[in-house]
Amino acid sequence: MDSNSGSQHAVLTVDDSLTNYPTMASNKYSVLLPTYNERENLPIITWLLARTFTQQGIDWEIVIIDDGSPDGTQDVAKELQKVYGENHIQLRPRAGKLGLGTAYVHGLQYATGNYIIIMDADFSHHPKFIPDMIKLQAEHNYDIVSGTRYRPGGGVYGWDLKRKLVSRGANFLATLMLRPKTSDLTGSFRLYKKEVLHQLINATISKGYVFQMEMIVRARQFNYSVGEVPITFVDRVYGESKMGVSEIVQYAQGVWRLFRTI
């Protein structure tokens, strides 16, 4: 573990150019993109990612982990491989819906980058924040950089009051009980050192939406350093949200289990 590992965190506020960080030229960033029925979203999010990385001169790839989407998502992914090249677009499908955590496990074994970005394919997470995350990581050699909705400059758009209260309440409950020293436990837009993500995945036992929370709590357990970048979260453009009552119950149970065991 590097000398900067620890529980400190910072918020990026300086708009520097990535060209100020020449040592990053040797890095490669792999985006793990789990999909299920994202036929409409996948071409646009891929274009945004490709444009962002290309404009910044960043070496990149996208690993699409599709869980047997019946809407033709995999056919779209194959067309994207023709457009961008298989060196930039990997399609690594699975037989069915097996959970978010196992999707990352599956994708990680194919990722060739030394840094891993996890995000959603539905435009909830805009690629424009990725350069800020990369810069902050490079400045402080953070093990993890997490996008946060709950610091100045961040926010949520497209949610009704009920969903905002549920999200705030979930984060407040987990922060009160687990004290992870990060502001957004339920967020899923993060940058990891590859070896750090590998260790966290191996240590995490939760599935589904609790997986993200446990990952950041385990980071504190292993004394990994975490930085935060304010992001604006936008509700999905196409398709239906996969969050339901069962996920909320699972989350509450996961908080209690982690409180008792960590």
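**Strands and rings**

Guide: In β7, S146 has R190 as its bridge partner. Keep in mind that this is a predicted model.

Visitor: Which strand does β7 join through three bridges?

Guide: That is β5, residues 144-148, and the two run antiparallel.

Visitor: And how many bridges join β4 to β7?

Guide: Four, again with antiparallel strands. β4 covers residues 115-118. I117 pairs with L191 of β7 there.

Visitor: Are the faces of β7 covered or open?

Guide: Both are covered. R190 and Y192 are buried on one side, L191 and K193 on the other. Side chains in a regular strand alternate between the two sheet faces.

Visitor: Switching to rings. How many aromatic pairs in the whole structure?

Guide: Five. One of them is F53 with W60: the centres are 5.8 Å apart and the planes at 15 degrees, so the pair is stacked. F53 and W60 are both buried.

Visitor: What cluster do F53 and W60 belong to?

Guide: One linked by ring pairs, with Y84 as well.

Visitor: Why is the Y104 and F211 pair tilted?

Guide: Its planes are at 35 degrees, with centres 5.9 Å apart, so the pair counts as tilted. Y104 is in helix α3 and F211 in helix α7, so the contact ties together parts 107 residues apart in sequence. Both residues are buried.

Visitor: Charges over rings: what sits over F233?

Guide: The charged end of R149, 5.3 Å from the ring centre. K97 also lies over the face of Y36, at 4.5 Å from the ring centre.

Technical notes: Residues are numbered from 1 along each chain as its sequence is written. This is a predicted model: local features need pLDDT of at least 70, side-chain atom pairs count only at pLDDT 80 or more; totals for chains, interfaces and linings use all residues. Side-chain values use heavy atoms; hydrogens and water are left out. Buried means under 20% relative accessible area, exposed over 50%, partly exposed in between (1.4 Å probe, protein chains only). Two strands pair if DSSP finds at least two bridges between them. Rings of Phe, Tyr and Trp (its six-membered ring) pair if their centres lie within 6.5 Å; planes under 30 degrees apart count as stacked, over 60 as edge-to-face and the rest as tilted. A charge sits over a ring if NZ of Lys or CZ of Arg is within 6 Å of the ring centre and within 35 degrees of the ring normal.
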